[in-house]
Amino acid sequence: MAAPDVAERALPGQFVDVAVDTTNTLLRRPFSIYRTSRQGPWAGTVEFVFDVKGPGTRWLSERDTHDALDIVGPLGSAFPIPQQRVPCLLVGGGYGTAPMFFLAEELRGRGLRVDMIAGARSSDRIFNAIEAKRITASVTFTTDDGSAGEQGQVTDVLEDVARRCGSGVVYACGPMPMLRAVGELAGSLGLPCQVAVEELMGCGVGVCWTCVVPIRQKDGSLKMKRSCLDGPVFNAAKVAWEACT
Amino acid sequence: MTADLATDVGGMQLANPVLVASGCFASGAEIDRFYDVTELGAIICKSVTLEPREGLPTPRMAETPSGMLNAIGLQNPGIDRWLAKDLPWLADRGAAVVASIAGTSVDEYRQLARKLRGANGVVGIEVNISCPNVEDRGTVFACRADPAGAAIDAVVRESSVPVFAKLTADVTDIVEIATAVIRAGAAGVSLINTVLGMAIDIDTGRPKLANVVGGLSGPAIRPIAVRAVHQVHQAMPQVPIIGMGGIGGAEDALEFVYAGATAIAVGTGNFVNPFAALDVCRGLGAWLDARGLAGLSELRGTVKLP
């Protein structure tokens with residue numbers, strides 16, 4: 001969609017909150033930003049990726065070119081960029097792969113090596129494999145049914161890939177169980193890991209306190225942090241996964 | 001705009017009658033990214049308790065037809081931190097602040113009110129005696145007249161600003177409860193809090209909320225709220241009412257004014273549209289101007305009954 005102000009300001013990891021005009025749904029739908037264009041023929045556009053899962057996304061899927069959308073964004077925190085020149089490993093599960101493309105472009109633009117692991121249920125659910133190969137030094141696909149790439153989960157290949165690529169940092173986006181597994185594995189390998197969580201949101205702007213994630217504080221206590229305002233990007237080592245429900 | 005929106009709400013002199021409902025605006029700074037929140041009549045802050053609370057586990061929210069259920073569990077930093085950090089930010093900006101307090105005993109309400117005495121920027125107190133999300137449903141003050149009156153009495157005795165009782169419509173006779181809190185010294189009532197509800201995921205057979213039940217809000221409850229305002233206004237026309245429940249635009253707000261509300265508050269509407277409360281404020285002025293009305297008071301409680 002064309003949204004020049006959002007395209008200008010958006011950072012990888014942030015999201016847009018999209019109003020959907022169905023008969024009886026009220027709330028906006030949050031989507032991670034997949035890509036923005038600041039120059040060229042697509043300048044001023046913002047792209048997000050979604051699957052039809054309910055009435056809101058069904059309504060969105062029925063929009064036509066030039067239809068107007070009501071969006072709020074860019075919202076939330078961005079993936080921090082490494083201060084040292086380390087190879088970066090980007091791990092995406094399902095539609096969580098989408099923001100990894102935006103992040104990959106940003107990291108590449110800073111001259112950093114980018115490797116990717118993209119997991120999906122089956123080969124037809126892998127998002128934009130060609131683009132993933134184009135923008136990374138290496139990409140490894142995993143599918144639950146083995147119909148493409150390695151059969152299994154992203155965590156089954158993560159250690160090998162990280163070792164082979166000399167990864168110095170891990171970024172992940174996808175379902176919470178995957179983020180937990182990636183975060184814990186990265187931690188055991190001594191790699192810093194940033195995750196963009198997918199928690200159910202109400203308002204997207206920090207006022208409803210729906211989308212909280214338990215974050216461990218320096219004193220060991222847990223604080224429920226809003227994934228729309230303090231997140232969606234969190235340091236995986238600080239997320240109290242065992243307290244997530 | 002020629003209409004004068006300045007409103008006296010039970011002794012609170014507000015620049016306009018548009019407020020934001022407790023728990024729907026955090027502490028103000030979040031929405032200040034979208035517009036100057038001091039343009040609002042007042043900000044009813046998220047309820048604070050004596051001690052900090054981390055709230056309930058997730059999922060805390062479920063979207064339902066024309067509304068949403070929530071069970072947040074009064075997550076808040078506690079009154080001391082709120083007084084030290086959140087309130088000064090609003091007060092420095094010049095916002096009119098209505099503090100919202102929630103307790104589990106009459107003594108807690110008393111202590112909370114005592115801590116609010118003389119707090120800079122606080123123009124009123126809303127006593128949350130009807131939050132349906134605290135774990136023990138059995139102790140909801142707002143469901144019975146005597147405990148409701150006792151909590152309000154405790155707050156009024158400690159307070160130097162007008163006190164409003166926030167009531168639930170989940171009662172047999174809301175007029176009875178409203179009468180009790182007014183007798184206890186409340187300057188007015190806030191009507192209504194969320195309505196207790198439940199939703200079930202039929203794929204898993206589990207409740208959609210971790211807390212099983214939660215508060216229903218949004219347009220789905222607007223007719224319930226308008227009815228409650230109407231009943232209380234008919235019984236006690238002199239009592240100021242802050243009406244709320246499913247207000248997203250000026251037209252919605254006007255229903256409450258016709259029913260008898262002195263002021264209105266936007267709650268879940270803020271989640272849908274961050275500019276909702278500002279839109280309501282501007283929309284009310286435009287609506288009055290278009291009809292040549294000088295202010296909302298001309299309209300208050302003028303619903304034409306058969």
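**View 1. Confidence along chain B.** Chain B averages a pLDDT of 94, and 97% of its residues score at least 70; pLDDT is the predictor's confidence in each residue, from 0 to 100. Residues 132-136 of chain B are the stretch to treat with care here: the pLDDT there is below 50. Beyond near neighbours in sequence, that stretch still has 16 contacts in the model, a contact being two residues whose C-beta atoms, placed from the backbone, lie within 7 Å. As for scores of the model, we get ipTM 0.89 and pTM 0.92. This is a predicted model, so to speak of local features takes a pLDDT of at least 70, and side-chain atom pairs count only at pLDDT 80 or more, while totals for chains, interfaces and linings use all residues. Residues are numbered from 1 along each chain as its sequence is written, and chains are lettered from A and ligands numbered from 1 in the order in which they are written.

**View 2. Chain A as a whole.** Chain A has six helices and 13 strands (DSSP runs numbered from the N terminus: H or I of at least four residues for helices, E of at least two for strands). Its C-alpha atoms fill a box of roughly 50 × 45 × 35 Å along the principal axes. Of the 245 residues in chain A, 47% are buried, which takes 20 or more other C-beta atoms within 10 Å of a residue's own, with C-beta atoms placed from the backbone. Look at contacts between residues at least 6 apart in the sequence of chain A, and 62% of them join residues at least 24 apart.

View 3. Chain A splits into domain 1 (4-75) and domain 2 (88-243), with bounds from an automatic or database domain assignment. Their centres, taken over C-alpha atoms, sit 21 Å apart. Each domain puts 17 residues into the contact. On the domain 1 side, strands S1 (15-18), S2 (29-37) and S4 (71-75) of chain A each supply at least two residues. S2(A) gives the most, with six. By class, the domain 1 side holds 10 nonpolar, three polar and four charged residues. (Nonpolar covers Ala, Val, Leu, Ile, Met, Phe, Trp, Tyr, Cys and Pro; charged covers Asp, Glu, Lys and Arg; the others, Gly among them, are polar.)

**View 4. Chain A against chain B.** This contact takes 22 residues from chain A and 26 residues from chain B. On the chain A side, strand S12 (residues 222-226) gives the most, with three residues. That side of chain A has 13 nonpolar, six polar and three charged residues.

Key: A residue is buried if 20 or more other C-beta atoms lie within 10 Å of its own, exposed if 12 or fewer, and partly exposed in between; C-beta atoms are placed from the backbone.
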